[in-house]
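Please keep the sequence and the coordinates at hand while reading.

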Amino acid sequence: MNGAQMLLAAPEFWVLSMACVIMLVDLFLPEERRGLIHMLAILTLIFAGIITLRGDYLVGGIQSATAFNGSFIRDSMGDVLKLFSFVTLGLIFTYSKFYLRNFNMFRSDFYTLTLFGLLGVMLLISANSLVMIYLGLELISLSVYALVAFNRESSLGSEAAMKYFVLGSMASGMLLYGMSMIYGATGSLGLSEIAVAISNQGSDDVLLIFGLVFVVVGIAFKFGVVPFHMWIPDVYEGAPLAVTLFISSLPKLAAFAMAFRFLQSGLGDLHVHWQGMLQIMALLSIMLGNLAAIMQTNIKRMLAYSTISHMGFVMMGLLPGSAFGYGASMYYVIVYALMSTAAFGMVIMLSARGIEAQHLDDFKGLNQRNPFYAAIMGIVMFSMAGVPPMVGFFAKWMVIKAAIDAGLLWLAIAAVIFSVIGAFYYLRLIKYMYFDEPEHETVVTVPVDFGAALSLNGMMILGLGIFSSSLISICMNSFAGL
Amino acid sequence: MNGNMNTFLLSILIWLPILGSVAVMLVGAQRPGMAKGLALVISAATFVLGLPLFFSFDTSTAAMQFVEQRPWIEIFNIQYYLGVDGFSSPLILLTLFFGVLVVISSWRSIDKNVNQYMAAFLAMEGLMIGVFCALDGLLFYVFFEAMLIPMFLIIGIWGGPRRVYATIKFFLYTFLGSVFMLIGLIYLYIESGSWNILVWHDLLLGYTAQKWLFLGFLAAFAVKIPMFPVHTWLPDAHVEAPTGGSVILAAIMLKIGGYGFIRFSLPITPDASAALDWLVIGLSLIAIVYIGFVALAQQDMKKLIAYSSIAHMGFVTLGLFIAFGIYRNTGSVSGAALGVEGAMVQMISHGFISGALFLTVGVLYDRVHSRMIKDYGGVANTMPWFAFFAVLFLMANSGLPGTSGFVGEFMVILASFQANFWFAFLAGLTLILGAAYSLWLVKRVIFGAVANREVQNLQDINAREAFVLGTLAVAILALGLWPQPLVDMLHASVDHLLHHIVQSKVI
């Protein structure tokens, strides 16, 4: 192990040490000065971004490099996903501070646990061996289990945490089981070695296929696609909003990376086998997510089902197993993270002191109470529905093209029909904001940093749509070597 | 006009209203007067800037003019590619014209969130111009869909009692139609490696592929124009929309469906269009005859005009698709040109007439707050000037010679004789039906004895309303008496289109 290799993981080391520093600083910090923790966390993200950019994988032409005996990989896909994790987490911290203060939960454990979750996300993004994948995954899961139950008084939160813990452990177990079979079939833990072994010995090994099935289950659980979606609505609803924000965005970025590394880098030769499973899950997710969301009156549950359908679209991008498809999928998942953060940020904004905005009715007449934020929520909703010029549209047409590339025209047609059905519940929210009279005249007030972050978030969703070229190119170029 | 200005002209026409709408929005709801003034200045400036589309338009060529081409999403060869020909230029001028009129006509009738109302109209104007200019498939789709957002909000916020139902129906109908087109566009991109619509015009495709593409385009444009049986969103949307929304919907948005047939269906999938022309012609004739009867039965003035719009749009689709039959019968494209030109003239003329009719109803609605025919009667006694305009517009709607309504219908009926006598016969029925529902409306609303106190107390139109209706009356008469400038604009492009569609594009 030499220094240059350690340097590859510099952003991870930085986040790890800062998480520990924050934990220590908190011990000596009087309660009224806890705002400092927030500043430290934001600084952590900014510097993590700078360190990542210094690596030159994005523009410098370096394809990829590995460290720790090949179990850690640094490449431009990973760097892009990490950078967007930092951006998203920065937004999440800003929204959460307001929420946690309002709900008397402003404690530094939130920041420590989230930063450890971020570390897990980063490790999973860069994982190139079975062990590293499992390590990253568990680091995310353990942080999130604790975070879901962060509000100790809430019985709903404890129930959700318990449910998530049981189901999550089962999924981890399945994944581990699948990994052990793959290890048994190929005799190695590194994804690159596994790929070599499979191409040497052929892909007709029953043990290998069995392993693949269990691995796909693990990935699907992380994405939350049908039929492994049961936990999503309950956990979204039970967790405090600040935590829902985190669960709904960052782990999805990591899940995409995990799917790519596992299915393409490791098990690329089994494409025909996993494509069949993924296409069914994609279709079911898009169908069930959109249909079930129509029935919801609780905003968190509605967004949960909307997540399920979006993850179905992300899976569609994986189907052709081509550079275009992965690029489309990655673009979609990044865009989704931004949209979902903005949507939950808006819900936080509407949560009055001590009471979470739970019901769609809370959006009634928002246009009259605050036209600016109503416009931002409008942009987010149209983007989720896939209406141009919002960025969500560009993500959608690309994954639809990916499905057509894979020869699955029927899936593309089904997906667009269900996205029209899905447009209904996004429109319904806009109806509440614009067409209905407000139920009460409470003025919507938010701190300056919160407002700035939300505006930035909304502008990104519109701006990345109109000027979509750069982000699309970055995503596509990440897979140029494929 | 120097060449440099011409390169950016279309961009200015698109972005000036869109950026202007942001400015109007920022004025805030507390200063409605300023919002209205700013909106008027922006739309008038856009109109003036757009005049070169008429005066500097080269009528001798079918090539794209005022072209602007730059990369947008380079990695997929998607371009920001704008240009106009004889089909799009008149439609853009129509849009610019109504952009100004709508602002003026809504001056008094809107009192809630005036800044947002004006901003929505400006944004919609820019987006609709974008639809007509876009020569890149994805750019076209972006404008085509984005246009729904302001209209959705206009109907939903400022509409009538059933506005939520009407606007969600409007949105989902059009959205569902256009996603099938999106799949078609993606397929064309996969086949050609380009999003350039003009490249697609020369693309050779298999017959089956053409047929599916044709159906995809049909789904989008039939809903938009709208054709029977996917027309049901239109009466609802019209009835619930505020006057300005109805005007834009009828005058411009429906034309986008007809424009889409001209830009996509006919030249890209000519063989499928020829093979399936019976479908479109059949539906058009049903629209003309059946919807004409439906219009006769309406109690609500806006609904009556909405159904009359559907019947008139039937002429547009009929005129476009009889071209194939005429070519089969006569072997020459000059006969077919009459039908296509007639369809285009009908689109422009219907834009003026339907816009004028909705504004006329709006004038009454502002005073009485009812659209029901039974609430009126003898309006001519208290509003003589208004009655003059209303009768003129309704006469034009029934196709009176001398008004623009006559020209397009006459050209299409004349052309359909060359395709099939029965097409012409059925289409000709509209002259009776149109006259019946229009004149009966005149009788019930305008003439007769004063029906009630409300009518007794009506004030005649003021100078602002007289300006709006007068301008439209001039336009309708001008186009009816001297359609030559419009036909000249069309001619080269129609010829070019017909030469495109009579050659097979099957691989």
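**A guided reading of the two chains**

In chain A, residues 24 or more positions apart account for 79% of the contacts with a separation of 6 or more; two residues are in contact if their C-beta atoms, placed from the backbone, lie within 7 Å. The model is a predicted one, in which local features need pLDDT of at least 70 and side-chain atom pairs count only at pLDDT 80 or more, while totals for chains, interfaces and linings use all residues. Residues are numbered from 1 along each chain as its sequence is written, and chains are lettered from A and ligands numbered from 1 in the order in which they are written.

Chain A contains 20 helices and two strands; helices (H or I, at least four residues) and strands (E, at least two) are DSSP runs, numbered from the N terminus. Because a compact globule of 482 residues would have a radius of gyration near 23 Å, the 21 Å of chain A agrees with that expectation. The radius of gyration is taken over C-alpha atoms, and the globule rule is 2.2 Å times the number of residues to the power 0.38. Along the principal axes, the C-alpha atoms of chain A fill a box of roughly 70 × 55 × 45 Å. Of the 482 residues in chain A, 58% are buried. A residue is buried if 20 or more other C-beta atoms lie within 10 Å of its own, exposed if 12 or fewer, and partly exposed in between, with C-beta atoms placed from the backbone.

Chain B has 23 helices and two strands. For its 507 residues, the globule rule gives a radius of gyration near 23 Å, and the 22 Å of chain B agrees. Buried residues make up 62% of chain B.

Where do the chains meet? The contact takes 23 residues from chain A and 26 residues from chain B. On the side of chain A that touches chain B, the elements giving two or more residues are helix 17 (391-405), helix 18 (409-434) and helix 20 (469-477) of chain A. Helix 18 of chain A gives the most, with nine residues. This side of chain A divides into 18 nonpolar, three polar and two charged residues; Ala, Val, Leu, Ile, Met, Phe, Trp, Tyr, Cys and Pro count as nonpolar, Asp, Glu, Lys and Arg as charged, and the others, Gly among them, as polar.

Within chain B, strand 1 (residues 65-73) and strand 2 (residues 78-84) pair in the antiparallel sense over six bridges; two strands pair if DSSP finds at least two bridges between them. B:Glu68 stands opposite B:Leu82 in strand 2 of chain B. The hairpin of these strands has four residues between them, and there B:Asn77 takes a positive phi near 65°.

Most residues other than glycine have a negative phi, and most peptide bonds are trans. A:Asn104, not a glycine, has a positive phi of about 55° and lies in the loop between helix 4 (76-102) and helix 5 (108-126) of chain A. Because A:Asn104 has 11 C-beta neighbours inside 10 Å, it counts as exposed. B:Asn113 also has a positive phi, of about 45°, but counts as buried, with 21 C-beta neighbours inside 10 Å. The peptide bond from A:Pro388 to A:Pro389 is cis, with omega near 5°.
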